[in-house]
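This briefing goes through one protein model by topic. Please look over the sequence and the structure before reading on.

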Amino acid sequence: MLPTWETKRTGFAQGFALLARGPACVLGRSRPAPQVPGRGAARLPEPVPAVGWGVVRGADARGGGGPCRAARTLTLQRGPGQDAQPGPAAAGNSLARPVQHPGPLVTRGPRRGRGLVRGGAGSGEEGNKGAAHGAARLSARGRSSGSRGAASGAALREGGLGQLGVGLANFLRKRFGKDSVILSDIRKPPDHIFHSGPFIYSDILDYKNLREIVVNNRITWLFHYSALLSAVGEANVSLARAVNITGLHNVLDVAAEHNLRLFVPSTIGAFGPTSPRNPTPDLCVQRPRTIYGVSKVHAELMGEYYHYRYGLDFRCLRYPGIISADSQPGGGTTDYAVQIFHDAIKSGKFECNLKPSTRLPMMYIDDCLRATLEVMEAPAESLSMRTYNVNAMSFTPEDLAQEVLKHIPEFQITYNVDSVRQAIADSWPMNFDDSNARKDWGWKHDFDLPELVTTMLNFYGSDTRIAQAN
């Protein structure tokens with residue numbers, strides 16, 4: 001049974017073309033459908049007159065009716081007096097060079113314009129990324145000298161109203177300029193964030209919206225942080241699957257189509273109980289038992305596949321638990337390491353939901369942001385892999401409490417173990433082996449446990465004194 005067809009004038013090709021609502025659609029002169037990996041040949045209607053370039057769009061990602069969501073384009077070439085033929089762009093044509101993808105086909109344009117950063121952030125693993133599909137974006141339009149700098153243009157960050165979103169936006173704006181970084185989310189930003197630099201609305205599940213943002217803002221770097229974290233994801237698996245996996249697919253397609261440099265953070269949650277835990281190397285068995293961890297392994301493998309298959313400049317870091325004074329905990333298993341400072345200053349008491357001996361790798365946010373920029377600026381030839389572990393320290397709740405006691409002698413900690421979070425933590429690495437990152441692109445952390453505790457308590461202590469004075 002043939003799909004339903006309708007005629008439509010497009011801005012891409014002058015003249016009338018066909019828009020298919022079904023297995024495939026062709027804009028331009030109709031001809032035998034291409035073989036799309038994993039999808040087979042689409043059935044097309046009878047040829048109709050058309051003029052100009054053509055675009056082949058793959059089937060909808062959900063397999064249903066409606067225009068293709070993650071459309072990729074195939075350049076059609078015409079010679080003097082010839083019909084349009086599929087083929088590479090003519091020599092010297094800077095419009096695009098075709099890149100064949102599974103599903104819809106895409107063209108990749110010249111590397112220019114802005115960068116795109118996607119994802120949210122709080123504290124905990126990956127800094128408690130942005131909620132659901134409202135990933136905020138951060139786009140940097142600045143220039144950087146040398147081969148290590150971003151291409152002239154902008155960086156976009158999604159899920160940006162969380163800890164890492166705002167933190168990374170501020171960090172990149174200091175480096176590339178205020179107007180070179182675009183922050184986005186589906187939530188309305190507070191005044192201080194809205195006035196700190198460009199902010200736009202973005203929904204990570206809206207593929208068309210993502211493409212428009214990349215094109216209109218000439219994005220060159222994309223930071224994709226949108227995700228539901230471990231404990232939150234287990235409470236809403238269907239939403240986590242949509243945000244963490246479908247959202248990732250949209251990002252990969254947009255990045256490949258527009259030749260972006262793409263950063264996707266991974267996590268200690270990408271490992272499972274059968275992984276070596278102390279230390280955990282870059283390459284080992286990964287069998288996570290949370291939807292969050294499964295989606296992160298999927299992201300690592302898909303990014304690597306797109307790199308080797310289509311040349312996508314994909315870069316990924318496995319973050320440990322990220323600790324920051326700038327935001328509230330947001331649903332991660334490692335969030336106790338942030339909440340303890342809030343409670344120590346406020347009441348002198350803290351109830352921990354993990355066992356006192358639970359050892360996990362951790363990192364202060366300043367180190368995390370610096371590692372992210374350093375791997376993005378690293379020359380491609382220096383990278384021996386696409387996904388790296390990064391680490392700074394490893395401690396238990398008991399270790400952290402003892403360090404806090406050095407500053408607040410009256411501090412008291414009790415334990416009320418959450419079985420769900422404890423099971424998650426017991427399946428994660430106790431310590432990261434990040435020797436490859438240190439060797440390949442010179443990673444080196446600045447904050448150990450004593451410096452971390454001093455910094456956090458000074459921050460919350462000063463805030464408390466200011467609040468009391470006010």
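**Helix H7**

In H7, the buried residues are Tyr-336, Ala-337, Val-338, Ile-340, Phe-341, His-342, Asp-343 and Ala-344. Buried means under 20% relative accessible area, exposed over 50%, and partly exposed in between (1.4 Å probe, protein chains only). Helices (H or I, at least four residues) and strands (E, at least two) are DSSP runs, numbered from the N terminus.

This is a predicted model, in which local features need pLDDT of at least 70 and side-chain atom pairs count only at pLDDT 80 or more, while totals for chains, interfaces and linings use all residues. Residues are numbered from 1 along each chain as its sequence is written, and side-chain values use heavy atoms, with hydrogens and water left out.

- Helix H7 covers residues 336–346, and eight of its 11 residues are buried, so the rest of the structure largely encloses it.
- Just after H7, Gly-348 has a positive phi of about 80°.

**Confidence**

- The average pLDDT of the chain is 74, and 63% of the residues score at least 70; pLDDT is the predictor's confidence in each residue, from 0 to 100.
- Over residues 1–113 pLDDT stays under 50, and it also stays under 50 over residues 117–124.
- Where pLDDT is low, the predicted coordinates should not be read in detail.

**Nonpolar cores**

- A nonpolar core is a set of buried Ala, Val, Leu, Ile, Met, Phe, Trp, Tyr and Cys residues joined through side-chain atoms within 4.5 Å.
- The largest one has 68 residues, and Phe-341, Phe-395 and Trp-441 have the most contacts inside it.
- Helix H8 (residues 365–377) gives the most to this core, with seven residues.
- Apart from this core lies another, of 22 residues, including Ala-154, Leu-222, Leu-252 and Ala-299.
- Beyond its neighbours within four places in sequence, Trp-441 is in contact with residues including Leu-317, Ala-371, Val-375 and Tyr-388, where contact means heavy atoms within 4.5 Å.

**Helix H9**

- In helix H9 (residues 397–405), the buried residues are Pro-397, Leu-400, Ala-401, Glu-403 and Val-404.
- These buried residues fall within an arc of 160° seen down the axis of H9, so they line one face of the helix; the arc is that of the directions from the helix axis to the C-beta atoms.

**Cysteines**

- The count of disulfides (pairs of cysteine sulfur atoms within 2.5 Å) comes to zero.
- Cys-352 is buried, at 0% relative accessible area, whereas Cys-284 is partly exposed, at 25%.
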